[in-house]
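Hi there,

Here is the structure I promised to pass on. Have a look at it first, and then read my notes below.

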Amino acid sequence: MHLHSLVLKDISRRKTKLLVAVLGVVVASAAMVAVVTTFSAATDSLYEESNNFGANIIVRPEVKTIPLVAGSTSMGSLFTGENYIEESDIPRIHTIMDSSKLSAVAPRLYGVAELGDSSVVIMGVDPDEERKLKSWWKVQGSWISSENTGPTEVMVGSDIATPLGLTEGSLITLRNGNISMDARVAGVIESTGSNEDAYVILPLAASQYLLDREGKVSSLEVRALCNECPVEEISMQIEDKFPGLEARSMSQIVRNELAIVEHTRSSAMAVSIITLLVSTLTVASTMLASVNEKLKEIGIMRAVGASDVQVVSMLFFEGAIIGAVGGVIGFAAGTVASTIAAPLLVQVTPSPMWSILLPVTGMCVFTGMLASILPAKRALGVDPAEVLRSV
C-alpha cells in the first residue's frame, strides 16, 4: 500500500480530529482573506474618492528670478523664462514611464477680460478633463461642453454671479482689447471657497481666442493615482520629458494618501501574521496529539522497514492535505465574511479576489507542512524495539 493511501485511510479513521485541524486553518485563512479583501476594497475606494481632491501635480513654465540690486539698494526682481506651455506639447505627457497612473491632465489658460464695467479673471479649460478634477463642484445649470456647436458657453463663480445678477441662461459679452465674445451662462458654480469662485470659466479654445493666445496654456493640473510609487517620481518624469517646465506635487495630499494606504497595509499584515501563527499552532497541536495516539503503529511501521523519510513524508502529506482543504474553504468563508462586513465597516462592497486563491491555499499548505515538523520529530523518536516489546 502506498504511503499516500495509508495517510488517507488514517484520516478517514480520525475525522473528528481532522475536522478540528482543518477548522483551525479555515479560521486563519478566512480571517486573512477577509482582511485582505476588505482593505484592498477600502484602498481602491480611497483612491477613487481621492479624485475629489483635485490635482496633485501642478505643471507650469519654469521661471527664474534675478534680483536687481544697485549698490546696497534692492530694485526688485526680474523674472525670466517662458510664460506659457505649448498646447501641442501636452500629449507628450502621456509618454512618461508611469503614464498609466495619470487619471486627468487638465490644461488651463488664465487671463483678464472685461465683463460690463468690471474686470474679471477668465480661466480656459478642457471641460472633459476639468470635470474629472472638479467632480465635487455643484453647478446650478450645466457644465460647459467641449462639443457645443452653439454660442460659447461659460460657467461663472458665485462671487461674480451674485453681484452681476447672472443665472443660467444669462447672456454676457467678454472683451479683451479689440476682441469681444458673446457667451451664454451655462451654469453657476456654488461657492467652493477657492479662487474659482471669482472666475469666468470657458472652453480652452474660446479663451485662447479671447486672450489672443492661440495654442498656449498657462499650466497643467495633473491628477496621478499611484499605489506603489510616489507622486514625486511622476513629477520628475514629467520634468525630464519637458525641459523648461517644473512639476510640483502637492505633498500634503500625497502624504495623507500614502499614510492611509500604509496604515491599511500594516493592519492587514499584523492580522495575517497573528492568524497564521494561530493556525500553525492549532494544526501542530492536533497532529502531535494524533502522533501520540498512534505511536504503536509508527513503531511497527519502522520495525518492518519504513524509513525516516517515509514516516516524515506521511506526516507532511497529512499536513498538506489539512492546509489545502482549510485554505480553499477559508477563501470561500473569508470572501463571504468580507462581503457582509465591508459595507458595514468601510462602506465598500468588495468583489471576490480570485487572484489570491492560489497564494492563500499555498500558504495554508506550507503552514500545514510547517506544523508537521514537531509531530515528525516526535514520530522519529519512537523506538521500534521498545514498541515491539510492549505489544
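What follows is a short tour of some strands, a helix face and one glutamate.

Please keep in mind that this is a predicted model.

Let me start with the strands. Strand β9 (residues 171-176) pairs on one side of the story with strand β5 (residues 102-115), in the antiparallel sense and over two bridges. Within this pairing, Glu114 has Arg175 of β9 as its bridge partner. β9 also pairs with strand β10 (residues 179-189), again in the antiparallel sense, over six bridges.

Next, helix α8 (residues 295-303). Which of its residues are buried? They are Ile298, Gly299 and Arg302. Viewed down the axis of α8, these buried residues fall within an arc of 100 degrees, so they line one face of the helix. After α8 comes Gly305, which has a positive phi, near 120 degrees.

Is Glu129 buried or exposed? Its relative accessibility is 17%, so Glu129 counts as buried, the cut-off for buried being under 20%. Leaving aside residues up to four places away in sequence, Glu129 touches Ala104, Val105 and Ala106.

Best wishes

Definitions and conventions: Residues are numbered from 1 along each chain as its sequence is written. This is a predicted model: local features need pLDDT of at least 70, side-chain atom pairs count only at pLDDT 80 or more; totals for chains, interfaces and linings use all residues. Side-chain values use heavy atoms; hydrogens and water are left out. Two strands pair if DSSP finds at least two bridges between them. Helices (H or I, at least four residues) and strands (E, at least two) are DSSP runs, numbered from the N terminus. Buried means under 20% relative accessible area, exposed over 50%, partly exposed in between (1.4 Å probe, protein chains only). The arc is that of the directions from the helix axis to the C-beta atoms. Contact means heavy atoms within 4.5 Å.
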